[in-house]
Amino acid sequence: MSGKKTTGERNLMFFSGRSHPELADEVANALGVEITPTALRDFANGEIYVRYLESVRGCDAFVMQSHTAPINQWIMEQLIMVDALKRASAKRVTVIMPFYGYSRQDKKGRGREPITARLMADLFKQAGADRMMSIDLHTSQIQGFFDGPVDHLFALPVLINYLRGKLDPATTTIVSPDTGRVRLAERWSDTLGTPVAFIHKRRDLDVANQVKVHEVVGKVRGRTCVLIDDMIDTGGSICKAADALYEHGATDVIVAATHAIFSDPAVDRLKNSRISEVVVTNTLPIPEEKRFDSLTVLSIAPLIARAIEQVFTDGSVTSLFEGDS
């Protein structure tokens with residue numbers, strides 16, 4: 001029998017979809033449980049079949065899925081897993097999505113656009129999710145889209161613990177790649193005791209969707225700059241931001257990001273850039289063909305495991321981040 005019980009026969013059971021089995025194994029090991037055996041397969045037409053091979057009645061279920069490519073398949077699989085848990089009488093279902101799919105469309109920028117981040121929350125609520133857990137949401141307002149508790153975890157401690165020994169606060173500047181990440185840069189700055197800078201982007205009015213000018217606001221000349229962001233997709237913006245920092249006198253540029261989406265041609269851009277190191281977490285799987293010499297991948301599994309323990313024991317998830325949650 002997988003899972004573990006607490007006093008009063010409360011039963012934690014951990015479930016995983018097929019998108020990122022390596023992370024699921026790490027989380028299960030950190031929790032000291034086994035992944036609950038589950039039959040997951042595809043029908044000939046692409047539909048997904050789910051069946052749990054143990055009773056889940058009355059359990060506290062934690063079902064994890066990384067929303068990686070093909071993203072629509074893995075989101076649908078997680079929705080079906082949640083539905084199966086509810087119909088099998090699980091007492092509480094917590095959905096864990098290390099990377100929240102469709103999070104970039106969190107508001108209507110123009111008319112006739114969707115708000116897909118809200119749609120995702122509605123889908124999981126309708127499927128039967130009682131609680132949601134995610135890491136470094138694209139914007140904090142997404143927490144309000146889900147009608148129930150949301151545990152918004154931060155990869156900042158994981159990234160900073162790695163970089164702290166490499167950086168001299170006296171010669172380091174934390175840089176936000178745009179105005180939307182300034183608050184995150186301030187958290188980094190408060191922790192490391194470094195100044196903050198940000199990059200102001202101006203768009204070429206003659207060419208659609210293309211950044212022409214980067215203006216750097218802050219002290220970067222003669223300093224090591226740590227460019228921080230929540231995700232790296234195609235790598236275009238982060239590489240241009242690094243170029244702008246070097247043009248303004250930075251001696252070194254390190255990139256730290258939570259979610260390594262790495263859509264083409266991100267790997268080629270990062271490998272051929274002047275960035276000295278790219279530090280990411282394993283919220284998303286990174287296959288060997290997308291790894292390169294200057295890439296460092298840190299495990300987010302211990303953080304997820306600690307958050308699951310706190311939720312299961314009715315502890316404080318906020319305490320994991322010293323009140324900054």
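This is a predicted model: local features need pLDDT of at least 70, side-chain atom pairs count only at pLDDT 80 or more; totals for chains, interfaces and linings use all residues.
Asp178 sits in the loop that runs between strand S9 (172-176) and helix H5 (182-192). Apart from neighbours within four places in sequence, its contacts are Ile199 and Lys201.

An unreviewed UniProt entry gives the annotation "binding site" to His138 and Asp178. These residues are spread over 41 residues of sequence, yet they cluster in space, with a largest C-alpha distance of 13.0 Å. Of these residues, His138 is included in the lining of the second largest cavity.

Let me stay with His138 for a moment. His138 belongs to the loop between strand S7 (131-135) and strand S8 (150-153). With residues up to four places away in sequence set aside, His138 touches Ser103, Arg104, Asp106, Arg181, Asp230 and Met231.

Arg104 leads us to a further annotation. The unreviewed UniProt entry also places the feature "binding site" at Asn45, Gly46, Glu47, Arg104 and Gln105. Do these positions gather at one spot, or are they apart? They span 61 residues in sequence and the farthest two C-alpha atoms are 29.7 Å apart, so they do not all gather at one spot.

Two of these residues may be described in more detail. Asn45 is located in the loop between strand S3 (38-42) and strand S4 (48-52), and its relative accessible area of 56% makes Asn45 exposed. Arg104, in turn, is in the loop between strand S6 (92-97) and helix H3 (116-127). At 44% relative accessibility, Arg104 is partly exposed. Its contacts, again leaving out residues up to four places away in sequence, are His138, Met231, Asp233 and Ile261.

I turn next to the cysteines. How many disulfides are there? The count comes to zero. Cys225 is in no disulfide, and the nearest cysteine sulfur, that of Cys239, is 15 Å away, whereas a disulfide would need the sulfur atoms within 2.5 Å. Cys225 is buried, at 0% relative accessibility. Cys59 is likewise buried, at 1%.

Which residues of H1 (residues 21-31) are buried? They are Leu23, Ala24, Val27, Ala28 and Leu31. Viewed down the axis of H1, these buried residues fall within an arc of 135°, so they line one face of the helix. Just after H1 comes Gly32, with a positive phi of about 80°.

Finally, the overall picture. The protein contains eight helices and 15 strands. Its radius of gyration is 21 Å, close to the 20 Å that the globule rule gives for 325 residues, so the protein is as compact as a globular protein of that length. Along the principal axes, the C-alpha atoms fill a box of roughly 60 × 45 × 35 Å. Buried residues account for 52% of the 325 residues. Of the contacts between residues at least 6 apart in sequence, 64% join residues at least 24 apart.

Conventions: Residues are numbered from 1 along each chain as its sequence is written. Side-chain values use heavy atoms; hydrogens and water are left out. UniProt positions are given in the numbering used here, feature names are shortened, and annotations may be inferred rather than shown by experiment. On a 1 Å grid over the protein atoms alone, a cavity is a set of points where a 1.4 Å probe fits but cannot get out, and a pocket is an open set with protein on both sides within 12 Å along at least five of seven lines; lining residues have an atom within 4 Å of a point. Helices (H or I, at least four residues) and strands (E, at least two) are DSSP runs, numbered from the N terminus. Contact means heavy atoms within 4.5 Å. Buried means under 20% relative accessible area, exposed over 50%, partly exposed in between (1.4 Å probe, protein chains only). The arc is that of the directions from the helix axis to the C-beta atoms. The radius of gyration is taken over C-alpha atoms; the globule rule is 2.2 Å times the number of residues to the power 0.38.
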